[in-house]
Amino acid sequence: MAGFNPNAVPSFYREVYQQTCQRGSSKVDKDVFVKVLMKSSLPKQTLTAIYECLNVRKDDDISREKLYKALALAALAQQGKTYNLEALDAINSSDYPKPSLGDLSDLKLLNLRLQREKTPTLLNYTYRELEDLNDVTVEIVPEKKGLFLKHVEYTVYNERTKSTVCRRYSDFCTLHEILLQRFPYRAIPRLPPKKLAATREFLEARCRALRRYLVLICRHPVLHDSEIVMYFLTVGVSDFQNKMKEKFRNLPDEFVTSPLAGKSKELVPIDTQTSFNESKELLRNVLGSVAKLREITENIITRSGADAREWQQFGSELSNLANESHASSAWACGNSQTWNQLKSVFRTLTGYFNEIADIGINQIQGAEEGSFQTFNVFMDVLISYKDLCDRLEKGVVKDHQSALQKMSSMKKRQISAQAKGHEAGSTVDQLESRIIEQESEISNMEFRNYFSLHCAHMETQLIHANMELFAVSLQELINQQIKNHKEKLTAWEKMIPIVDNMISQNNLSPPTSPH
């Protein structure tokens with residue numbers, strides 16, 4: 001008997017396991033396992049025989065050993081050979097045949113989807129998986145539209161459907177309004193502000209902000225494939241704004257349609273409110289620090305721009321000296337040729353100082369498109385969470401408290417009416433009817449409150465999944481600084497032999513430091 005060694009199986013087996021293994025577990029979900037074997041296109045009775053051979057029970061997840069053996073049995077069945085455990089025992093694990101399973105690209109997505117459905121209190125998304133949901137680019141259309149009042153249009157391209165549409169800023173406002181109505185308990189990023197008589201610089205900054213807005217929407221686990229978002233990203237019709245409003249006018253909010261709403265109380269851990277308050281404080285502090293870091297980064301960029309302009313001016317002054325038209329006579333210079341040599345050196349050095357200035361300007365552009373932009377995305381994420389917390393405090397909690405106060409008031413009036421005697425009977429009946437209606441409303445409000453807390457729980461986990469943005473922004477900042485300093489060092493080093501050569505020609509020694 002050859003025996004089974006899970007570490008010796010062919011690489012294909014390990015690849016299938018990596019794609020199907022549950023996160024945080026060594027097991028494979030039963031439904032995913034069934035999907036894998038169905039890809040073999042074997043008859044149902046053959047698959048059933050393989051399940052029975054491995055003693056696969058209805059509700060059990062599948063071990064790695066059982067997955068590998070199932071793949072090997074499927075391969076043997078495909079080859080028309082005997083497929084049972086005795087046949088496998090006669091084969092070395094390294095010689096297990098490769099089954100034909102077709103395209104496996106959907107296995108990982110299926111595995112993740114099932115995990116998320118079975119563990120609704122865990123987000124089960126990494127930052128990279130959020131990135132993979134979609135990507136969006138937003139660019140300004142070169143020409144403004146309109147006969148008299150010109151307006152700016154943007155081309156919006158999304159990677160998921162490979163489609164491009166044109167949108168106005170007001171279309172983004174409509175999208176934002178509908179999203180808030182549909183998903184009141186989700187972290188919706190803020191839109192950049194509107195401005196009359198906007199400058200080109202403002203429009204470019206707003207374009208970058210609109211892209212960040214859509215990127216966060218399109219990488220949100222709930223929002224990204226909603227009908228609202230897909231309509232905005234793909235539908236190209238005239239009078240888009242009004243058509244979108246009309247289409248989603250009567251769409252209820254997420255609580256009304258979510259299958260989790262009725263069991264939301266079960267999804268909220270007993271310590272949720274305490275944990276939520278602690279998370280709010282933590283993320284509020286993170287937001288404050290990130291805002292300061294962003295401001296410091298912005299100041300560094302501003303100073304880089306100022307430095308670039310000053311080095312450019314430095315080079316311009318050297319150029320002025322190089323082109324100085326006044327003659328230097330023998331009367332003034334005697335036997336010294338230093339001035340003429342300096343003019344030649346100045347002319348050469350001017351180009352290098354301009355090069356340093358260009359490096360500084362490129363540094364600004366690189367930072368705006370790299371680390372600074374990533375800082376802004378992370379800021380947008382944190383601010384969207386803060387706004388969500390504010391909405392929850394002002395909205396659901398306030399509505400719930402209002403409903404409880406109404407209930408209390410009605411019961412007091414009922415007691416008062418009963419105390420007045422039999423003649424108040426009709427009033428009592430009316431109040432009892434209203435109390436029953438109000439109790440139903442309060443019950444619904446309690447479910448809504450639990451649902452909002454469940455959503456807040458998931459949105460908090462989403463913020464933590466996006467924490468990698470912080471690391472990415474720091475990485476980009478460091479790499480950009482290294483690149484800039486290396487380029488500047490190279491430019492400075494080019495100047496050394498030019499100046500050294502002039503000094504050696506004149507037998508001059510570099511001046512010593514006065515210190």
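1. Burial and overall make-up. Of the 515 residues in the chain, 42% are buried. The model under review is a predicted one, and its secondary structure comes to 20 helices and 3 strands. The accessible surface of the chain is about 29,100 Å²; carbon and sulfur atoms account for 52% of that area.

2. Contacts along the sequence. When contacts between residues at least 6 apart in sequence are considered, 73% of them join residues at least 24 apart.

3. The largest nonpolar core. This core has 36 residues, and those with the most contacts inside it are Tyr 13, Phe 33, Leu 37, Ile 50 and Leu 67. Two or more residues come from each of helix H1 (11-20), helix H2 (30-38), helix H3 (44-53), helix H4 (64-78), helix H5 (85-89) and helix H6 (105-118). The most is given by H4, with 9 residues. In soluble globular proteins, nonpolar side chains tend to be buried together. Leaving aside residues up to four places away in sequence, Tyr 13 touches Tyr 68, Leu 71, Ala 72, Tyr 96, Pro 97, Lys 98 and Pro 99.

4. Thr 234. This residue lies in helix H10, which covers residues 227-234. Thr 234 and Tyr 157 are 77 residues apart in sequence, while their C-alpha atoms are 8.8 Å apart in space. With residues up to four places away in sequence not counted, Thr 234 touches Asn 158, Thr 161, Ser 163 and Val 165.

5. Backbone at Ser 41 and Asn 124. Most residues other than glycine have a negative phi. Ser 41, although not a glycine, has a positive phi of about 60°, and Asn 124 likewise has a positive phi of about 60° without being a glycine. Ser 41 is found in the loop between H2 and H3, and Asn 124 in the loop between H6 and helix H7 (127-133). As to accessibility, Ser 41 counts as exposed because its relative value is 66%, whereas Asn 124, at 14%, counts as buried.

6. A nonpolar surface patch. Which residues form a nonpolar patch on the surface? They are Leu 293, Ile 296 and Ile 300, with about 220 Å² of accessible area together. Ile 296 belongs to helix H14, residues 272-322. With a relative accessible area of 46%, Ile 296 is partly exposed, because that value falls between the limits of 20% for buried and 50% for exposed.

7. Cysteines. How many disulfides does the structure hold? The number is 0.

Methods. Residues numbered from 1 in each chain as written. Predicted model: local features only at pLDDT ≥ 70, side-chain atom pairs only at ≥ 80, totals over all residues. Heavy atoms only, no water. Patch = residues over 30% accessible without salt bridge, like charges linked within 9 Å, V, L, I, M, F, W, Y side chains within 5 Å. Areas by Shrake-Rupley, 256 points an atom, 1.4 Å probe, with all protein chains shown as cover. Salt bridge = Lys/Arg side-chain N within 4 Å of Asp/Glu carboxyl O. Helix = DSSP H or I, 4+ residues; strand = E, 2+ residues; numbered from the N terminus. Buried < 20%, exposed > 50% of the residue type's maximum accessible area, 1.4 Å probe, protein only. Contact = heavy atoms within 4.5 Å. Core = buried A, V, L, I, M, F, W, Y, C linked by side-chain atoms within 4.5 Å. Disulfide = S-S within 2.5 Å.
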